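Hi,

Here is the structure I promised to pass on. Have a look at it first, and then read my notes below.

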Amino acid sequence: MVFAGGSCRGAGDGDGLKLDPCRFAVRVVRGRWFMLFSSFLIMAAAGATYIFSIYSKDIKASLGYDQSTLNTLSFFKDLGANVGVLSGLINEVTPPWVVLAMGASMNLFGYLMIYLAITGRTAPPHVWLMCLYICVGANSQTFANTGALVTCVKNFPESRGIVLGLLKGFVGLSGAIMTQLYYAIYGDDSKSLVLLIAWLPAAISIVFVHTIRIMKVETQGKTPKPFFCFLYISIALATYLLIAIVIEKKVTFSHSEYSISAAVVMLLLLLPLAVVVKEEFRVFKQTMQDLQNPQPLAIAIEKPSPPEPLPLPESKQSPSATATAGTIHKNPVVSCVGDMFRPPDRGEDYSILQALVSIDMIILFFATICGVGGTLTAIDNMGQIGESLGYPKRSIATFVSLISIWNYAGRVASGFASEIFLTKYKFPRPLMLTAVLVLSCVGHLLIAFGVSNSLYFASVVIGFCFGAQWPLLFAIISEIFGLKYYSTLYNFGGVASPIGSYILNVRVAGYLYDREALKQNNGVRRRNGTDLTCIGVECYKLSFLIITAVTVLGALVSLVLVWRTKDFYKGDIYAKFREQTAAAEIDMAAGNFSLDRIDGEEEATQKKKNATSQDEAEEVVVNGNGNGKRA
């Protein structure tokens, strides 16, 4: 175990490498890789909002809602899941464990109240109260994201794209993971899925509440190997979930078989822990070797900078300068507003107000409304889309699972690919965002025209594009506006999702669906407790043609951001983090050098004292009279 000051106690006898299991376990748990592993588990349970279509039919049937009311409920779900400005502001002034604990409490309360309502254990709540419940429950997701994801990005700033891709990838897989677990625990009872969503994410956040924290940034050079190991494990998990989903739709599983499948999922979820232990042991071994074979320290001595000129007395200052200084001193509001419209260079730390009024943020926000709003509308309505096009229930469940798997694939692919392309080829992330928006139009058109058996491919495209947008959005925000207020700006970027969902899902898709359903029912409106259903291609045709046009508009607007940031992405956007880390390491090395010099001087002094004592003793023996006295 390596301690501050360069000593190593309990790690070895000096020559060999002896490992103390208890201290090494503490080292692992307090390391930054275990912190990342803990974030994986939190994220794997934080995406319950993406499986809303599985239990939305239970809400609709149990409480007698029509499609517009259900879409309104879905909007408040998206509102809660994406409006995390509150969690961001709290995280600016508190440690991450406070945010995680608050999120766990909100998750438990919101989803537990929904479960009690749809199972009849409480009186049917008013629509506004159900909207409040699902908004509070879904908002807990932003607390988990802020507490875990934002912390990981700050701990790994040079690999932010990869970190965002991996963590958001586990969020994308969470729907399929939660489905496997609820089959194993509760059987084929979709209402109990809401209960699982209530307690499991809250329990995981509480378990790792003190593990997630800001740590010292380390220079990493090229991408560390553990990231690729985590990628391969997550791909194995996604592949297994895909195979399990396909088999489960073809063959009826027993409860024990579902339990075995869930056990395999849990094993793959915990497998990254082996990578964490291996990496920590490698670092430990390297540290021990460095201590046993110290390298000479070279410290650069900088020339002192010339002193700044003293300010002139007020009597000798120009009247205009004095007036300006007095004006600024007396009007801090004017100064704040002036600074708001004088932002720093791209890549430096913007203030919150500077970022919010930035043209780059406005363009990015509008493009995200168009892109995420359309894909989220397709995801939330995938159950009703499959039903209207005549697909069987098993196929509809397959669509939802495929969206979850490909949601993961989009997040991981965009995170890793954008980081690699940016590092090697200076390929700007905003241009990759434009490509993703164009690709999503293919899925929207397949839904609009209802091509035979095309919903399978459409769900793949929609899931991939929805997932790919998030790592790109959050990485662009961190790169352009800095990491100082990233907690708040990260959550502000997510606000685009509920705005797009309300416009395209509630006001467009929900309204046009109900209008077509009324036509098919000869204008007869639904009665309480009945479901107003629309059958046929026309149910969603006009809606998704409108969504396609809006997405194309978003892609065109994003090209403006590509043009504005082309020079920024041609440079080395991570240079300042390497410089800061190198400076910190030099300061630390200089401090250790000073300590070693002091220790050396003390040791030399002690040796002189010992030598003097030995000389005096010899003098006594030579000159004494046999009784130990000096001559």
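Ala417 has a relative accessible area of 24%, so this residue counts as partly exposed. Bear in mind as you read that this is a predicted model. You'll find Ala417 in helix H18. If you want to see how the fold brings parts of the chain together, check Ala417 against Ile162: they are 255 residues apart along the chain, yet their C-alpha atoms are separated by 8.5 Å.

Side chains of opposite charge can pair when their charged atoms come close.

One of its partners is Glu419, with the closest N and O atoms 3.0 Å apart. Glu419 sits in helix H18 (residues 393-425) and Arg429 in helix H19, so the pair links distant parts of the chain, 10 residues apart. Are these two buried or exposed? Both Glu419 and Arg429 are buried.

Arg429 also meets the side chain of Glu479 in a salt bridge, at 2.4 Å from N to O. This pair joins helix H20, where Glu479 lies, to helix H19, across 50 residues of chain. Glu479 is buried too, like Arg429.

Now for a pair with some surface showing. Arg23 and Asp20 form a salt bridge whose closest N and O atoms are 3.9 Å apart. Arg23 has 33% relative accessibility, so it counts as partly exposed. Asp20 is also partly exposed, because its relative accessible area is 24%.

There is a network as well: salt bridges link Arg346, Asp360 and Arg564.

Last, back to H19 and H20, this time as whole helices. Two packed helices are described by the angle between their axes and the distance between the axes. H19 covers residues 429-449 and H20 covers residues 455-481; their axes come within 8 Å and cross at roughly 155°. Angles over 145 degrees count as roughly antiparallel, and that makes H19 roughly antiparallel to H20. The crossing of H19 past H20 is left-handed. What sort of residues make up the contact of H19 with H20? By class, there are 20 nonpolar, 4 polar and 2 charged residues.

Cheers

Definitions and conventions. Residues are numbered from 1 along each chain as its sequence is written. This is a predicted model: local features need pLDDT of at least 70, side-chain atom pairs count only at pLDDT 80 or more; totals for chains, interfaces and linings use all residues. Side-chain values use heavy atoms; hydrogens and water are left out. Axes are lines fitted to C-alpha atoms, for helices over the stretch in contact, and angles run from 0 to 180 degrees between N-to-C directions. Helices (H or I, at least four residues) and strands (E, at least two) are DSSP runs, numbered from the N terminus. Angles under 35 degrees count as roughly parallel, over 145 as roughly antiparallel, 65 to 115 as roughly perpendicular and the rest as oblique. A crossing is left-handed if the near helix is turned anticlockwise from the far one by less than a right angle, and right-handed if clockwise. Ala, Val, Leu, Ile, Met, Phe, Trp, Tyr, Cys and Pro count as nonpolar, Asp, Glu, Lys and Arg as charged, and the others, Gly among them, as polar. A salt bridge is a side-chain nitrogen of Lys or Arg within 4 Å of a carboxyl oxygen of Asp or Glu. Buried means under 20% relative accessible area, exposed over 50%, partly exposed in between (1.4 Å probe, protein chains only).
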